[in-house]
Amino acid sequence: MYKSVCWTLFYRNGRVVKPSTLRRSLCTTKTLSCSSGATEEPQTQDEVMREFSKIPVQRIRNFSIIAHVDHGKSTLADRLLELTGAISQNTGQHQVLDSLQVERERGITVKAQTASIFHKYKGKLYLLNLIDTPGHVDFSNEVSRSLAACDGVILLVDACHGVQAQTVANYHLAKQRELAVVPVLNKIDIKHANPDRVCKDLQSLFGIDPATILKISAKLGTGVPEVLDRVIEAIPAPKVKRDSQFRALIFDSWFDKYRGALNLIYVLNGTLAQGQDIQSLATKKFYPVKSISVLRPAECHVSSLAAGQVGLIACNMRSSKESIIGDTIHLKNEQATAAGSYKPQQPLVFAGVFPVDQSKHVSLRSAIEKMVLNDSAVTVKVDSSPALGQGWRLGFLGLLHMEVFCQRLEQEHGAEPIITAPSVTYHVVLSNPKMIKQSGKDTLEISNAALFPDPINIKEYYEPLVLGTIITPTEYVGQIIGVCVERRGVQQSSINIDDSRILMKYILPLSEIILDFHDRLKSLSSGYASFSYEDYGYHETDLVRLDIHLNGRPVEELCRIVHTSKATGVARDMVHKLKDLIPKQMVQIAIQACVGSKVLARETIKAYRKDVTAKLYGGDVTRRMKLLRQQAEGKKKMRMFANVRVPHETFINVLKR
Ligand SMILES: Nc1nc2c(ncn2[C@@H]2O[C@H](COP(=O)(O)OP(=O)(O)OP(=O)(O)O)[C@@H](O)[C@H]2O)c(=O)[nH]1
């Protein structure tokens, strides 16, 4: 199961204080010991904890590391942990905060991770709560969730690739929340790094003074100690009050099978002690605080938490529905207002999730509940399908988000669900008064193609659009514009960042980008172009429902809503792909893509051909013909009655271009 990791570490004025031993998995009384033997430095867990609770608000800094994908956030976090002695420099561990199996396999961060570190600056001990965030646009919810508990950010930019689309998006996210920005250029060790050019870009795009930009190599550790000092100088202390009623923001949670839902909280006001009763502002339920811990790296119990601090509380929350990210907790029967302005992002892509067979329904439901607790951007609604039975319709922020969620369901909970074709939510305005009366409204929101009404009952169709930002070297502009036009994009603006790179803004239909737009941009531009997007509302369009029939039977899970102009192309593409994806079976399979009763494309998968005449060893030809005729008759019958077996992954793979 996923477990958040929080660390408490020591570091003194440019001098690394290394722990002689770090017991990562245990929280014993000697979790940290300093090789320097300096007397003023805490030596045991008790001393650390005493220091921890004594640190005044003015000596706390809460910050996130934000950047585009692969610009080195997790590597920088590693160096900060090493420098402050949380992990040994000789362990050879990389991206220690990327603790999920899926993160290690894919080499990307999908969950923001918190680490509390101590740093001595000008003779005073500071507590730094650092959050390593994901870079991919599909996990931007993790970034906004993290920023709700921060007063500043380290904006990390790769000195080779320079400012990328997600750098721009994350910078604006930080600015919207009025956070202090510490600009840092990474990877200066690479030969073709061009820090001067990137500094100029940061100045022209965001007005950042080049003199304030730190230049580091997170890989080699060059310049990293200065980053900690700069964080203390540039990021303000949290604006919290210790001498008022307790109030805290839940900004992460996960499930522990013995203790139920655990909540990572950021205390805004007052203090919280073990044994007190807390109340949730959202659900109004109250709970006794069973334990409070600081995670360093294993959980270490503390008796109380004060404003400005981050800690983990266990309070007998049994159901994952009770723990809501962004919720405020306060003391029982006290009045409180909402602590943070964090709201989870609205999902953009929806897909049906069903158990392989209905006996797995309960276990899949519990797995989904636990996963949703850990990923607040996912929405869940009950759904059912004639072929797949009872299941759920889940909402995600993108296709990668969906793939990662399903991979985590399998890896962390042993669930093997069937996932149906992902779709965006369309709005259809009804023309049929009977249907309007039945549904009680004239506009339906459709994210499941199987529920798409008959076109004769529809007056208008609306689809979601996004405003995309693309940053690319100028030599690829022509090809990229070509892809945008092919995907029904309309250019909004285009600015030269410098003489070799361009920033373009495009309005694009969400349905055209969720599947593979990003991959396509990457492959066209040898990996140099980057893309991020934001919501642009609903606009009128023209849609049809494309049905897929296997041997004459419609397969609801494969039907799709497509733009009318794309129907024939998508139909041909889908049947062609299905031909490759569906394995040969005992019967011949006819794959047809239809709009209404009109067949737009067809392919046939031939049946296995068992040699029924093999045992004849020569003999009369009429006997041979008779056996072949009997076989053909049998196959015809089977074709009518046999269920075509469609492998699980087909539902997603058929959509990949
Ligand atoms: N040469 C060099 N490589 C670096 C440096 N910092 C990071 N890298 C490499 O860049 C790659 C990506 O680093 P990560 O730390 O995983 O990047 P990230 O920003 O956390 O990635 P996501 O979380 O997926 O967004 C890894 O292969 C690192 O080894 C550096 O300073 N110099």
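This is a predicted model: local features need pLDDT of at least 70, side-chain atom pairs count only at pLDDT 80 or more; totals for chains, interfaces and linings use all residues.

Trainee: Okay, how many helices and strands does the protein have?

Mentor: The secondary structure of the protein comes to 16 helices and 33 strands, and of its 657 residues, 46% are buried.

Trainee: And what share of the contacts between residues at least 6 apart in sequence join residues at least 24 apart?

Mentor: That share is 72% in this protein, counted among the contacts between residues at least 6 apart in sequence.

Trainee: Switching to the ligand, how many residues surround it, and which are the closest?

Mentor: There are 20 residues around the ligand, and the closest are Gly72, Ser74, Thr109, Gly135 and Lys219. Sorted by class, this shell holds nine polar, six nonpolar and five charged residues.

Trainee: Which helix gives the largest share of that shell?

Mentor: That is helix α2, residues 73-83, which supplies three residues of the shell.

Trainee: Why is α2 described as largely enclosed?

Mentor: Helix α2 is largely enclosed by the rest of the structure because eleven of its eleven residues are buried. The buried residues include charged ones by class, among them Lys73, Asp78, Arg79 and Glu82. Just after α2 comes glycine 85, whose phi is positive, at about 85°.

Trainee: What about α4, how many of its residues are buried?

Mentor: Eight of the eight residues of helix α4, residues 140-147, are buried, so this helix too is largely enclosed by the rest of the structure. Among the elements that cover its buried residues are β3 (60-67), β5 (124-132), α5 (165-176) and β9.

Trainee: You mentioned β9, so is that strand mostly covered or mostly open?

Mentor: Strand β9, residues 247-256, is mostly covered, with nine of its ten residues buried.

Trainee: Which strands does β9 pair with, and in which sense?

Mentor: With strand β10, residues 260-269, β9 pairs in the antiparallel sense over nine bridges, and with strand β18, residues 328-331, the pairing is also antiparallel, over three bridges. On the β10 side, aspartate 256 stands opposite glycine 260, while on the β18 side leucine 249 stands opposite threonine 328. Strands β9 and β10 also form a hairpin, with three residues between them.

Trainee: What does the whole sheet look like, in strand order?

Mentor: It is an open sheet of eight strands with antiparallel pairing, and the order is β13-β12-β18-β9-β10-β17-β14-β15. The edge strands, β13 (286-288) and β15 (299-302), each pair on one side only. Direction ignored, neighbouring strands of this sheet are turned by 40° against each other on average.

Trainee: How many bridges join β10 to β17?

Mentor: Six bridges join β10 to strand β17, residues 310-317, and the two run antiparallel. Within that pairing, isoleucine 265 has glycine 311 of β17 as its bridge partner.

Trainee: Which strands does α8 lie across?

Mentor: Helix α8 lies across β9 and β10, and its direction is at about 145° to β9.

Trainee: How do α8 and α9 cross?

Mentor: The axes of α8 (residues 361-374) and α9 (residues 399-413) come within 10 Å and cross at roughly 115°, and the crossing is right-handed. From α8 the contact is made by Ala367, Lys370 and Met371, and from α9 by Phe405, Arg408, Leu409 and His413. By class, the contact has four nonpolar, one polar and two charged residues.

Trainee: New topic: where is glycine 489, and is that residue buried or exposed?

Mentor: Glycine 489 is in the loop between α11 (477-486) and β26 (490-496), and it counts as buried because there are 23 C-beta neighbours inside 10 Å, where 20 or more are needed. Leaving aside neighbours within four places in sequence, glycine 489 is in contact with Cys484, Tyr506, Ile507 and Leu508.

Trainee: And where is leucine 581?

Mentor: Leucine 581 is in helix α14, residues 567-581, and is partly exposed, with 17 other C-beta atoms within 10 Å. Between leucine 581 and isoleucine 329 there are 50 Å from C-alpha to C-alpha, and they are 252 residues apart in sequence.

Notes. Residues are numbered from 1 along each chain as its sequence is written. A residue is near a molecule or strand if its C-beta atom, placed from the backbone, lies within 6 Å of it. Helices (H or I, at least four residues) and strands (E, at least two) are DSSP runs, numbered from the N terminus. Axes are lines fitted to C-alpha atoms, for helices over the stretch in contact, and angles run from 0 to 180 degrees between N-to-C directions. A crossing is left-handed if the near helix is turned anticlockwise from the far one by less than a right angle, and right-handed if clockwise. Two residues are in contact if their C-beta atoms, placed from the backbone, lie within 7 Å. A residue is buried if 20 or more other C-beta atoms lie within 10 Å of its own, exposed if 12 or fewer, and partly exposed in between; C-beta atoms are placed from the backbone. Two strands pair if DSSP finds at least two bridges between them.
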